[in-house]
Amino acid sequence: MEAPVVTNPEEIARLYRELSLFPSLTRADVGPVITSQYGGKYSNIYTEWSQRDFDRNENVKFCRQYIVFHDDASVVFSGACGNCSEIKGEVLGKDSPSGEMKAVVRDCTIKGEDKQYLEIWSKNIKMKSINLTALKKHGKVYEDEQFGCLVWSHSETHLLYVAEKKRPKTESFFQTESPELSSIGDEDEPLRLEKKDTVKGEQFNFYEDWGEALVSKNRPVLCVLDIEGDNVSILEGVPEDVSPGQAFWAPDDTGVVFVGWWHEPFRLGLKYCPNRRSSLFYVDLIGEKCEQLTSGSTAVCSPRLSPDNCRIAYLECSVYGPHMQCSKLCMYDLYTKKTSVIVDIVKRPKEDGFAGIYSSQLSPQCWSADSQRIIVASPQKSRKELLMVDINSGLVTSLTSNSDAGNWCLMNIVRDLMVVSCSSPNHPPRLRVGFLPAKDSEEKVSWITLEDCDVLEDIDWKILTFTPPLEQDNSQYSGLDFEALLLKPKVKEGVKLPLIVVPHGGPHSVFVADWFLSCSVMCRMGFASLLVNYRGSLGFGQDSVLSLPGNVGTQDVKDVQFAVESVLQSGDFENEKVAVSGGSHGGFLACHLIGQYPAFYKACVARNPVINIASMVGSTDIPDWCIVEAGFDYSTNFLPDSAVLERMLSVSPIKHVSKVQTPVLLTLGEEDKRVPNKQGIEYYRALKAKQVSVRLLWYPGNNHSLSKVDAESDGFMNIALWLIQHLFKQS
Ligand SMILES: CSCC[C@H](NC=O)C(=O)N[C@@H](CO)C(=O)O
């Protein structure tokens with residue numbers, strides 16, 4: 001029996017709107033402990049959320065506060081205080097350590113001009129509003145997760161943030177000048193005008209940026225605001241060949257610790273690429289001393305100071321190679337000035353299930369109050385778990401094993417109070433709090449839900465495990481299993497479902513059992529989805545990651561096909577109604593699958609797919625990806641020769657295009673720096689030439705993720721209608 005499928009566009013849009021109502025938690029902070037007049041203790045929890053607003057075509061950001069009464073070890077009573085309020089124009093915001101003040105970096109448009117202000121709030125008063133744009137000490141403030149920060153000094157007298165370095169004004173050689181601005185010049189130097197401080201001949205200089213989603217970010221500088229003196233200064237002493245970010249105050253406020261990414265000989269894209277050469281540095285406030293704290297031969301991120309001010313925890317991985325991979329959890333001792341590894345790379349999942357740390361960002365605070373443990377959220381196969389690491393023994397304990405939720409994210413931990421977001425494919429994000437049990441205690445965390453939403457009872461999900469057949473075993477990394485998530489609408493016995501196969505991108509990424517808007521709408525429409533974590537995915541040990549480079553286009557393709565064919569054997573699906581959909585490397589796999597298994601898939605959707613690695617290597621922001629995934633070792637002076645280009649071409653989907661029969665929907669972002677839209681166009685032309693049905697959707701103002709509200713929702717509707725058109729067409 002065939003399942004009834006929702007095909008009416010109005011009804012599909014209604015379902016999409018309905019399930020888009022669930023917001024996602026983006027930030028949480030815990031305020032200081034307050035003792036009430038009756039002796040009870042409580043803390044405020046500040047949360048920020050994001051939700052799609054279709055009419056305004058933007059993701060709206062709002063906040064809500066909660067109060068948690070506790071005895072320092074367990075929650076006694078909790079609840080929300082007041083309603084939500086929207087946050088507008090706030091680029092960065094941070095309460096001071098005492099909770100007495102708040103700093104905000106705000107974007108404003110005044111009489112058509114964009115300006116940035118740094119505001120200091122105290123009690124119910126806006127104490128200061130400093131016009132950063134007018135000060136002209138630097139360019140725009142960095143608000144991204146890669147470099148950005150807004151940090152109060154321990155003394156609460158100074159603020160630290162990152163901004164674009166100020167560039168000199170430029171003008172044409174042919175600009176007419178007033179006679180009094182006569183120039184002085186030097187033969188080798190560009191002509192500088194004394195009075196106006198304007199440079200000629202540099203108007204069209206090219207400034208590299210840090211790539212996808214970090215456009216226009218070229219040269220970050222560390223900025224310090226002296227609150228009392230209203231004075232912003234740029235920290236001197238940062239090495240010239242390093243871009244600083246993720247900074248914080250050293251314990252005594254006399255200097256700053258930061259991550260520095262080397263930008264010579266050129267910048268490579270940083271988004272999703274934590275494998276860029278970088279180090280921890282310390283620079284003193286007078287710029288006399290800058291010390292490199294880690295080796296400089298690895299890639300580091302997320303430094304976090306322990307509450308006792310003695311150590312810095314951070315994540316480390318090797319430079320180049322697979323972009324995302326198993327990380328080491330490391331520590332820098334501020335007294336001995338030595339680094340150590342607390343949790344090493346894990347090649348294969350251990351007997352207790354621990355598969356390694358796969359994270360490129362620790363939560364804003366990650367230490368227990370006793371400075372003896374660190375909490376990290378990491379995929380462990382197809383679930384994301386909270387892991388507690390003992391810094392002395394390196395012992396890793398899961399705080400969330402056997403839980404019903406498939407995805408646990410640590411938003412923050414302060415004085416052992418953890419604030420988390422947890423979700424599952426049939427359960428949108430919930431906000432929970434819980435105290436970390438005392439060291440060496442056997443106790444489990446008792447989670448209290450502060451913000452709940454109902455389970456979508458009509459959606460079923462499970463995790464499936466696959467062992468590749470012998471002929472598909474990787475001889476170098478033998479015996480690796482992989483997994484997939486299967487999401488299905490609940491239907492009566494005997495009803496067969498259409499199936500959408502979704503391989504993830506990366507390829508070193510993973511689908512954890514999270515809430516997926518598009519899959520849940522598809523479920524409500526009557527489709528099942530199979531999300532495949534083929535070998536090479538994160539969370540399955542470093543061997544799995546390393547098994548894929550050099551084998552893309554075969555091992556990953558065969559794993560996905562093996563998973564699909566295995567699932568179809570259950571008899572629960574309509575074998576003639578199978579579609580494939582993926583983005584980026586997932587699009588690469590979708591296009592490979594329709595080329596290598598020509599009659600199998602009845603519809604294909606590819607978002608910004610990698611089509612021809614050979615034609616992409618010179619135009620993507622991450623050429624190293626092309627070289628590594630094609631099976632070569634990358635260095636910055638690597639130049640692809642004809643054999644390398646031939647290999648890149650031979651592992652690409654374009655190689656199989658002549659066999660394609662499946663109708664293809666391409667969704668491309670005009671501003672994509674990662675997989676330039678010319679890749680999709682190359683495929684579009686090839687399919688057109690072969691008279692294969694193809695449609696191309698072009699999203700101006702969108703980058704690789706196609707995540708602007710109108711692009712994402714339009715993309716979803718067109719994907720749904722494309723699947724309906726091609727899976728259910730009358731033949
Ligand atoms: C040269 S593009 C390589 C593919 C890309 N990898 C990293 O950015 C990719 O597949 N991206 C995924 C996210 O990992 C995506 O879904 O965009």
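At roughly what angle do the axes of helix H5 and helix H6 cross? The angle is roughly 75°, and the axes of H5 (residues 555-568) and H6 (residues 585-596) come within 10 Å. Axes here are lines fitted to C-alpha atoms, for helices over the stretch in contact, and angles run from 0 to 180 degrees between N-to-C directions. Helices (H or I, at least four residues) and strands (E, at least two) are DSSP runs, numbered from the N terminus. H5 and H6 are therefore roughly perpendicular to each other. As for the wording, angles under 35 degrees count as roughly parallel, over 145 as roughly antiparallel, 65 to 115 as roughly perpendicular, and the rest as oblique.

On the H5 side, Asp556, Val557, Val560 and Gln561 meet Leu589, His592, Leu593 and Gln596 of H6. Two residues are in contact if their C-beta atoms, placed from the backbone, lie within 7 Å. Sorted by class, the contact of H5 with H6 has four nonpolar, three polar and one charged residues. In this sorting, Ala, Val, Leu, Ile, Met, Phe, Trp, Tyr, Cys and Pro count as nonpolar, Asp, Glu, Lys and Arg as charged, and the others, Gly among them, as polar.

## What you are looking at

This is a predicted model, where local features need pLDDT of at least 70, side-chain atom pairs count only at pLDDT 80 or more, and totals for chains, interfaces and linings use all residues. Residues are numbered from 1 along each chain as its sequence is written.

UniProt, in an unreviewed entry, places the feature "domain: Peptidase S9 prolyl oligopeptidase catalytic" at residues 519-727. UniProt positions are given in the numbering used here, feature names are shortened, and annotations may be inferred rather than shown by experiment. The span 519-727 is 43% helix and 16% strand, and its end C-alpha atoms lie 17 Å apart.

## Helix H1 and its partners

Now for H1 (residues 9-19), whose axis comes within 10 Å of that of H3 (residues 517-525), crossing at roughly 135°. H1 and H3 are therefore oblique to each other. H1 passes H3 in a right-handed crossing; a crossing is left-handed if the near helix is turned anticlockwise from the far one by less than a right angle, and right-handed if clockwise. Ile12, Leu15, Tyr16 and Leu19 in H1 meet Leu517, Ser520, Val521, Arg524 and Met525 in H3. By class, that contact of H1 with H3 has seven nonpolar, one polar and one charged residues.

H1 also packs with helix H11 (residues 709-727), at an angle of about 135° and with the axes 11 Å apart. H1 and H11 are therefore oblique to each other, and H1 passes H11 in a right-handed crossing. Pro9, Ile12, Ala13 and Tyr16 of H1 make the contact with Ser713, Phe716, Met717, Ala720 and Leu721 of H11. The class count for H1 with H11 is eight nonpolar, one polar and no charged residues.

Asparagine 44 is in strand E3 (residues 41-53). With 17 other C-beta atoms within 10 Å, asparagine 44 is partly exposed. The scale is simple: a residue is buried if 20 or more other C-beta atoms lie within 10 Å of its own, exposed if 12 or fewer, and partly exposed in between, with C-beta atoms placed from the backbone. Beyond its neighbours within four places in sequence, asparagine 44 is in contact with Gly31, Gln65 and Ile67.

Leucine 334 is in the loop between strand E23 (328-333) and strand E24 (339-343), and is partly exposed, with 18 C-beta neighbours inside 10 Å. Glycine 255, in strand E18 (residues 255-262), is buried, with 22 other C-beta atoms within 10 Å. Leaving aside neighbours within four places in sequence, glycine 255 is in contact with Ala250, Tyr282, Val283, Asp284 and Leu285.

A cis peptide bond joins glutamate 264 and proline 265, with omega about 5°. Proline 265 is in the loop between E18 and strand E19 (278-284). Another cis peptide bond joins glycine 506 and proline 507, again with omega about 5°, and proline 507 lies in the loop between strand E34 (497-503) and H3.

Serine 584 is not a glycine, yet has a positive phi of about 65°. Serine 584 sits in the loop between strand E36 (573-583) and H6, where it is buried, with 24 other C-beta atoms within 10 Å.
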